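Here is a walk through one protein model, from its charged pairs to its core and its loops. Keep the structure open as you read.

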Amino acid sequence: MKVENTQVQMRKGILEFCILEIISRGEVYASDMLEELTAAKMIVVEGTLYPLLTRLKNASLLDYSWVESTSGPPRKYYTLTETGKAFLEQLRNTWQELVESTDFIIQNKKAQQS
């Protein structure tokens, strides 16, 4: 078993959460999301982002608007819907629970080794 496979699966598991967090800050262009996700080492290929955005849109978690650009074609900017905001809040709670649970297990191991 390769650790890289598990690492990839862990990242995939929280990618939607990270995308929704980025969009929650306000209107965001897909390439800006991609840049932040890449810098955070959450995503490495552009082809991963667009299908996720489509799925989130189809689930009514986000919406988009076309904005004219002075340097090329119109750009699609994403925002969260009210449903998306509520969904994200639930994910934040789940994330916090997972962090606390994981920290508990890690700290418990350290305590037993002392």
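A salt bridge here is a side-chain nitrogen of Lys or Arg within 4 Å of a carboxyl oxygen of Asp or Glu. The structure holds six of them. Two points on reading the values come first. This is a predicted model, so local features need pLDDT of at least 70 and side-chain atom pairs count only at pLDDT 80 or more, while totals for chains, interfaces and linings use all residues. Residues are numbered from 1 along each chain as its sequence is written, and side-chain values use heavy atoms, with hydrogens and water left out.

Helices and strands are DSSP runs, numbered from the N terminus (helices: H or I, at least four residues; strands: E, at least two).

Start with the pair Arg-55 and Glu-16. Their side chains meet in a salt bridge, at 2.5 Å from N to O. Arg-55 belongs to helix H3 and Glu-16 to helix H1, so the pair ties together parts that are 39 residues apart in sequence. Arg-55 counts as partly exposed, because its relative accessibility is 46%. Glu-16 is also partly exposed, with a relative accessible area of 21%.

Now move along H1 to Glu-21. Glu-21 forms a salt bridge with Arg-92, and the closest N and O atoms are 2.6 Å apart. Arg-92 sits in helix H4 (residues 82-113) and Glu-21 in H1, so this pair links parts that are 71 residues apart in sequence. Glu-21 is partly exposed at 23% relative accessibility. Arg-92 is partly exposed at 32%.

Another salt bridge joins Lys-85 and Glu-82, with the closest N and O atoms 3.2 Å apart. Both residues lie in helix H4, three residues apart, about one turn of the helix. An α-helix has 3.6 residues a turn, so residues three or four places apart point the same way. Lys-85 is partly exposed, with a relative accessible area of 43%. Glu-82 counts as exposed, at 60% relative accessibility. Salt bridges that share partners also join Glu-21, Glu-89 and Arg-92 into one network.

Next, the nonpolar core. Such a core is a set of buried Ala, Val, Leu, Ile, Met, Phe, Trp, Tyr and Cys residues joined through side-chain atoms within 4.5 Å. The largest one has 22 residues, and the members that touch the most others are Ile-19, Ile-23, Met-33, Leu-37, Leu-49, Leu-53 and Tyr-78. Helix H1 (3-23), helix H2 (30-39), helix H3 (46-58) and strand E3 (72-80) each give two or more residues to this core. H1 supplies the largest share, six residues.

What does Met-33 touch, not counting residues up to four places away in sequence? Its contacts (heavy atoms within 4.5 Å) are Ile-19, Ile-22, Ile-23, Val-28, Leu-49, Leu-53 and Tyr-78. Met-33 is found in helix H2. Met-33 is buried, with a relative accessible area of 0%.

The expected span of a helix is 1.5 Å times one less than its number of residues. For the 21 residues of H1 that gives 30 Å, and its end C-alpha atoms are 30 Å apart, which agrees. H1 bends by about 40° at Ile-14. The bend is the angle between axes fitted to the seven residues ending there and the seven starting there. Leu-15, Phe-17, Ile-19, Leu-20, Ile-22 and Ile-23 are buried in H1.

H3 comes next. Its 13 residues reach 19 Å from first C-alpha to last, close to the 18 Å expected. Leu-49, Leu-52, Leu-53 and Leu-56 are its buried residues. Seen down the axis of H3, they fall within an arc of 105°, so they line one face of the helix. That arc is taken from the directions from the helix axis to the C-beta atoms. The face turned away from the buried side carries the exposed residues Gly-47 and Asn-58. The cover over the buried residues of H3 includes H1, H2, strand E2 (62-69) and E3.

Finish in the loops. Most residues other than glycine have a negative phi. Lys-41 is not a glycine, yet has a positive phi of about 60°. Lys-41 lies in the loop between H2 and H3 and counts as exposed at 60% relative accessibility. Ser-60 is not a glycine either, and has a positive phi of about 65°. Ser-60 sits in the loop between H3 and E2 and is partly exposed, with a relative accessible area of 42%.

Key:
Buried means under 20% relative accessible area, exposed over 50%, partly exposed in between (1.4 Å probe, protein chains only).
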